[in-house]
Amino acid sequence: MNEHDDCQALLDSLSDFVDGDLHEKLCAEIERHLGTCENCRIVVDTLRKTINLYQITSTPPTIPKDVRKRLYRRLYLEDYLGD
Amino acid sequence: MDKDWHHDGFSLEALRNGDREQFSRLVEAYSPLIYRLGVKILTNPQDAEDVLQETFIKAYRSLKDFDGRSKLSTWLYRIATNEALMLLRKKRPETVAIEDTQDDRDGNRKPIHIVDWCCLPEEELVSGESLEMLKKAAENLTTSLRLVFVLRDIEGMSTRETAEVLDISEAAVKTRLSRARLQLREDLSAYYADRLEEQNYE
């Protein structure tokens, strides 16, 4: 397999690779390739960072007070609205 | 079936019998999650509120038919994403219909931006302007890619759960997630490469 084939194969497995969802053998092959291919290493690192940025900047699930109030009213649950 | 069968901490029996107190607990527990999901998918707070209300109205009506095979949360997410898709189809019928199958067919595109921007300082990566760019990049994904990305990477669902919510195969979830992530990586790389260049000139 030449270097270009390795890069293309990596691209198709990249998402599974960063999730740790790949078989040990394929994973080891990719690790080996990353040791020698600087471009692919950058793609992997920036992909990981991309996912990480979305996760760390995601706001915790909250619901604005007025939205909650209107929801409870629509569901006839006003008695359970609390304070 | 076991009468006292509890599901995600809720009594399914009480929910099925229309118990208002139990239903209000369900609403209290899941409405923030469903609302956030709506905002992420629809990108508009008013649409997200409509989907939130419709989701719980539908849920209340269909609880008697809920078979308990999936988690209550997965079931609610499924109702919510269907409602969101219906709303999008009404608003933008031309975009939602065709993109689904296209997203599964096309392969992964070769990366264009090869710049290592991971070393940028944290305050640059998550500056106000950067956050706006992150939001825009996610909004630029097609609906089917955005749905998978939000469920998997923001809501933290498993591949199996995501497949169940969207009623697609696990293979399709993986393909779409891969495409979504790679597209986001390109958009982020284009933006952060400029920040990196600015920094090097300073």
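Axes are lines fitted to C-alpha atoms, for helices over the stretch in contact, and angles run from 0 to 180 degrees between N-to-C directions. Helices (H or I, at least four residues) and strands (E, at least two) are DSSP runs, numbered from the N terminus. This is a predicted model, in which local features need pLDDT of at least 70, side-chain atom pairs count only at pLDDT 80 or more, and totals for chains, interfaces and linings use all residues. Residues are numbered from 1 along each chain as its sequence is written, while chains are lettered from A and ligands numbered from 1 in the order in which they are written.

In chain B, helix α4 (residues 72-91) packs against helix α9 (residues 159-166) at an angle of about 45°, their axes lying 8 Å apart. Residues T74(B), Y77(B), R78(B) and T81(B) of α4(B) meet E161(B), E164(B), V165(B) and L166(B) of α9(B), contact requiring C-beta atoms, placed from the backbone, within 7 Å.

Turning to the two chains, 35 residues of chain B are in contact with 29 residues of chain A. Elements giving two or more residues to this side of chain B include α3 (45-62) and α10 (170-201) of chain B.

Confidence is expressed as pLDDT, the predictor's confidence in each residue, from 0 to 100. Chain B has a mean pLDDT of 89; within chain B, confidence is lowest in helix α5 (residues 93-105), at a mean of 61, and highest in α3(B), at 97. The predictor assigns the complex an ipTM of 0.90.
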